Amino acid sequence: MFEVVAVHIASSINIRQCKSQLPLKILFSDSDELYLKNGEKKFVYIFQYGLVSFFNHSEDEKAKVLDALSAITKEKIAPQFTETIQVEIIEGHQKVAFDKVILPSFDSEFIRLVMLNTSQSVALDQYSEITQQLLEETNEHTQYLEKKGKLNISGIKLKKFIGKVLNIKNQISENLYIFDEPESTWENEQLNRLNLELKQTFDLKIRYRNIHEQLGIIKENLELFKDIWDHRESSRLEWVIIILILVEVLDLFVFRLWSKL
């Protein structure tokens, strides 16, 4: 029996620097991912969006890898989001259960799929938490609008809030590829079936859609807030123009009156 553990350790990880920081055998690498072999039947999978997944590592072995990565990770955080799943190798059998995966052979590509989907699940936990916080903050403003008939957020803070939501949305689109199939599954039926079963077990597509729906609600509310602010600023500008015209008319009236005197 083996174990896959995925841990969120930072906001981002520089994959290029990881290659020099971790002198391990590279099984797969691109700008966003690094899949490494760390000895006999041990694998490490690193993702640009701050996730590290371990296969068959002791606590000390995981700590050594994390210590090596600590020098290059940005905005280090406590490993709040983690996920663990058991992996068993039974020749000729393949099954995905809630807390265990049975693989037909000890194959690095099969193991990679388990590590990938486990990591994507942890990433969804992270983004779900962030989205929930944004939704709660948005609800505070909508409740204030309902009670007071006005917004309790300044224009600058509103713009920063909108930027934050857009950044989160972009990060999810860039980092999570829930609806894309890894290249290794294209011509291998067993790998493709394993990938689909893992996504279903982790509820990846449903959780991904829920996050996007929540972000859509937040975006819709923020657009309304922006319209209210634009209307307020427009009304304020109109009043400034009216006051300036009145001042000019008054000044002209006083000037003429003074001339007659």
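Start the tour at E129, which is partly exposed at 35% relative accessibility. This is a predicted model, so what follows describes computed geometry.

**Stop 1: E129 and helix 3**

With E129 selected, show the helix around it: helix 3, residues 108-148. Then pick I211 and draw a distance to E129. The two C-alpha atoms are separated by 9.5 Å, although E129 and I211 are 82 residues apart along the chain.

**Stop 2: R112 and E33**

Stay on helix 3 and select R112, then E33. R112 forms a salt bridge with E33, and the closest N and O atoms are 3.6 Å apart. This pair links distant parts of the chain, since R112 sits in helix 3 and E33 in strand 4, 79 residues apart. Are R112 and E33 buried or exposed? Both residues are buried.

**Stop 3: salt bridges within helices**

A search of the whole structure finds 8 salt bridges.

Now move to helix 6 and select K219 and E223. The side chains of this pair meet in a salt bridge at 2.7 Å, N to O. K219 and E223 also lie 4 residues apart, about one turn of the helix. E223 is partly exposed at 41% relative accessibility, and K219 is partly exposed at 32%.

**Stop 4: N195**

Return to helix 5, residues 189-201, and select N195. Why does N195 count as buried? N195 counts as buried because its relative accessible area is 1%, and the cut-off for buried is under 20%. Show what surrounds N195: leaving aside neighbours within four places in sequence, N195 is in contact with L113, N117, E181, P182 and T185.

**Stop 5: the nonpolar patch**

Select I241, I245 and V249. They form a nonpolar patch on the surface, with about 270 Å² of accessible area together. V249 lies in helix 6, which covers residues 204-260. At 52% relative accessibility, V249 counts as exposed.

**Stop 6: two residues with positive phi**

Finish in the loops, with K41 as the next selection. K41 is found in the loop between strand 4 (33-37) and strand 5 (43-47). What is the phi of K41? The value is positive, about 55 degrees, although K41 is not a glycine. K41 is partly exposed, with a relative accessible area of 37%.

Then select N56, in the loop between strand 6 (51-55) and helix 2 (59-70). N56 has a phi near 60 degrees, a positive value in a residue other than glycine. N56 counts as partly exposed at 22% relative accessibility.

Definitions and conventions: Residues are numbered from 1 along each chain as its sequence is written. This is a predicted model: local features need pLDDT of at least 70, side-chain atom pairs count only at pLDDT 80 or more; totals for chains, interfaces and linings use all residues. Side-chain values use heavy atoms; hydrogens and water are left out. Buried means under 20% relative accessible area, exposed over 50%, partly exposed in between (1.4 Å probe, protein chains only). Contact means heavy atoms within 4.5 Å. Patches are made of residues with over 30% relative accessible area and no salt bridge: like charges are joined within 9 Å, nonpolar side chains (Val, Leu, Ile, Met, Phe, Trp, Tyr) within 5 Å. Accessible areas come from the Shrake-Rupley method with a 1.4 Å probe; for residues, only the protein chains shown count as cover. A salt bridge is a side-chain nitrogen of Lys or Arg within 4 Å of a carboxyl oxygen of Asp or Glu.
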